[in-house]
Amino acid sequence: MKLSARNNLKGKVVAIDKGQIVAKVKVDIGGQTITSLVSNEAVDDLALKIGDDVHAIIKSSEVIIGK
Amino acid sequence: MTDSKVEAILALRGGSRSPVGRDRIALLEAVDNHGSITRAAQAVGLSYKAAWDALNAVNNLLPRPAVAAQTGGRNGGGAVVTEDGKALITAFHLLEERLSRAAALFSEGNTPIDPIILLRSLGMKTSARNAFRCTVTEIRQGRVNAEVILHLNDTVTLAATVTEESLRDLGIAVGQSVTALVKASFVMLATGKACPPVSARNRISGTVAHREDGPVSCEITLDIGGGKVLTSMVTRDGADELGLQPGTSAWALFKASHVILAVE
């Protein structure tokens, strides 16, 4: 699979917090943490668990820059 | 095919009383501008009596008067357009503009005269490039969020995450028709045979129909079958890396939370 997204950060799942519909997944990217909200269904489909090697994929049009 | 403009004429009528159309609204506007019925009548070319009758017809349309006469005073009494009257003027122009927009479709030879299309052109237009008419097939409710599953066509199902409050406000129920809106910049593209193993709930396969390059961005239109297309905005770098050209197979990926639902 090749993706158009310009940001494809390799990391490890460090936390999964499931709600009723949406789950919060924390991914450690070289010491910094990215938080992602995905559906519970996606967590099940990908069989996500703590320690999994994953990619945090962010479209460049979604990145806000602060200074 | 004719090039004569098609115009819609709007008239509002309360009960069996005489209708209020553009001329009477123009008179109401003249009263607002001149502050007097006499001068307003002159401005629109009516006698005072005709103007008085016309304004009564306008007043009869609303629960509260559109024009309030101020008796006495230096000029034998002025007249003011009330807040309700001003709201009527605005509403009338908005309705007339929308009706004309819908009626213009009659003169466009390439557009089929379809009542649904005509009605839709009365409503709000959005900048979202992707608007899909879908049927709600399932609703999964949480405390804050709800996931709405939508049937687009026989091959494509969409998922939308909206708040419970939106679900209630819009009165979304199974079986209902809704429009799913997705901004082109929310759509990511992927290549490869298998469905990409990503969390995005919406993964739709298609074929690149068109590619439009800008200096930085690239607009890709995917044919997703059943006469539907999906537009995506990605960087040129991204499109080049994937080798996207007309005819290339690609997946459109977007999060359920990036789908906006609209009802009519």
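Predicted model: local features only at pLDDT ≥ 70, side-chain atom pairs only at ≥ 80, totals over all residues.
Modeller: Contact means heavy atoms within 4.5 Å. With that in mind, B:Arg22, B:Ile25, B:Leu28, B:Glu29 and B:Asp32 of helix H1(B) are in contact with B:Gly85, B:Lys86, B:Leu88, B:Ile89, B:Phe92, B:His93 and B:Glu96 of helix H4(B). By class, the contact of H1(B) with H4(B) has 5 nonpolar, 2 polar and 5 charged residues. Here Ala, Val, Leu, Ile, Met, Phe, Trp, Tyr, Cys and Pro count as nonpolar, Asp, Glu, Lys and Arg as charged, and the others, Gly among them, as polar.

Biologist: At what angle do H1(B) and H4(B) pack?

Modeller: Helix H1(B) and helix H4 (residues 83-107) of chain B pack at an angle of about 140°, with their axes 10 Å apart. That makes H1(B) oblique to H4(B). Axes are lines fitted to C-alpha atoms, for helices over the stretch in contact, and angles run from 0 to 180 degrees between N-to-C directions. Angles under 35 degrees count as roughly parallel, over 145 as roughly antiparallel, 65 to 115 as roughly perpendicular and the rest as oblique.

Biologist: How does H1(B) pack with H2(B), and which residues make the contact?

Modeller: Helix H1 (residues 22-34) and helix H2 (residues 37-44) of chain B pack at an angle of about 130°, and their axes lie 8 Å apart. H1(B) is therefore oblique to H2(B). H1(B) contributes B:Ala26, B:Leu27, B:Ala30, B:Val31 and B:His34 to the contact, and H2(B) contributes B:Arg39, B:Ala40, B:Ala41, B:Ala43 and B:Val44. These residues divide into 8 nonpolar, 1 polar and 1 charged.

Biologist: Let us turn to the sheets. In what order do the strands S5, S4, S3, S6 and S12 of chain B stand?

Modeller: Two strands pair if DSSP finds at least two bridges between them. In chain B, 5 strands form an open sheet in the order S5-S4-S3-S6-S12, with antiparallel pairing. Strand S5 (157-163) and strand S12 (260-262) of chain B are at the edges and have a single partner strand each, so one side of each is left without a neighbour in the sheet. From one strand to the next, the twist averages 45°.

Biologist: How many bridges join the strands within this sheet?

Modeller: Strand S4 (residues 145-151) of chain B pairs with S5(B) over 7 bridges in the antiparallel sense, and B:Ile149 has B:Ala159 as its bridge partner in S5(B). S3(B) and S4(B) also run antiparallel, joined by 6 bridges, with B:Gln141 opposite B:Ala146. A hairpin of 3 residues connects S3(B) to S4(B). On its other pairing, strand S3 (residues 130-141) of chain B is joined by 6 bridges to strand S6 (residues 177-182) of chain B, again antiparallel. There B:Arg133 stands opposite B:Thr179.

Biologist: Which strands stand at the edges of the sheet of 6 strands?

Modeller: That open, antiparallel sheet has the order S1(A)-S7(B)-S11(B)-S8(B)-S9(B)-S10(B). Strand S1 (2-3) of chain A and strand S10 (228-235) of chain B stand at the edges, each with a single partner strand, so one side of each has no neighbour in the sheet. Strand S9 (residues 217-225) of chain B is joined to S10(B) by 8 bridges, and the two run antiparallel. B:Thr221 stands opposite B:Thr231 in S10(B).

Biologist: What does the secondary structure of chain A come to?

Modeller: Chain A has 1 helix and 5 strands, and from the N terminus on its elements run β-β-β-β-α-β. Its C-alpha trace spans about 35 × 25 × 20 Å along its principal axes. In the loop between H1 and strand S5 (53-58) of chain A lies A:Ala47; its phi is positive, about 50°, although A:Ala47 is not a glycine.

Biologist: How many salt bridges does the structure hold?

Modeller: A salt bridge is a side-chain nitrogen of Lys or Arg within 4 Å of a carboxyl oxygen of Asp or Glu. Over all chains there are 17 salt bridges. One of them joins the side chains of A:Lys18 and A:Asp44 (2.6 Å, N to O). This pair links distant parts of the chain, 26 residues apart: A:Lys18 belongs to strand S2 (residues 7-18) of chain A and A:Asp44 to helix H1 (residues 40-45) of chain A.

Notes: Residues numbered from 1 in each chain as written. Chains lettered and ligands numbered in written order. Heavy atoms only, no water. Helix = DSSP H or I, 4+ residues; strand = E, 2+ residues; numbered from the N terminus.
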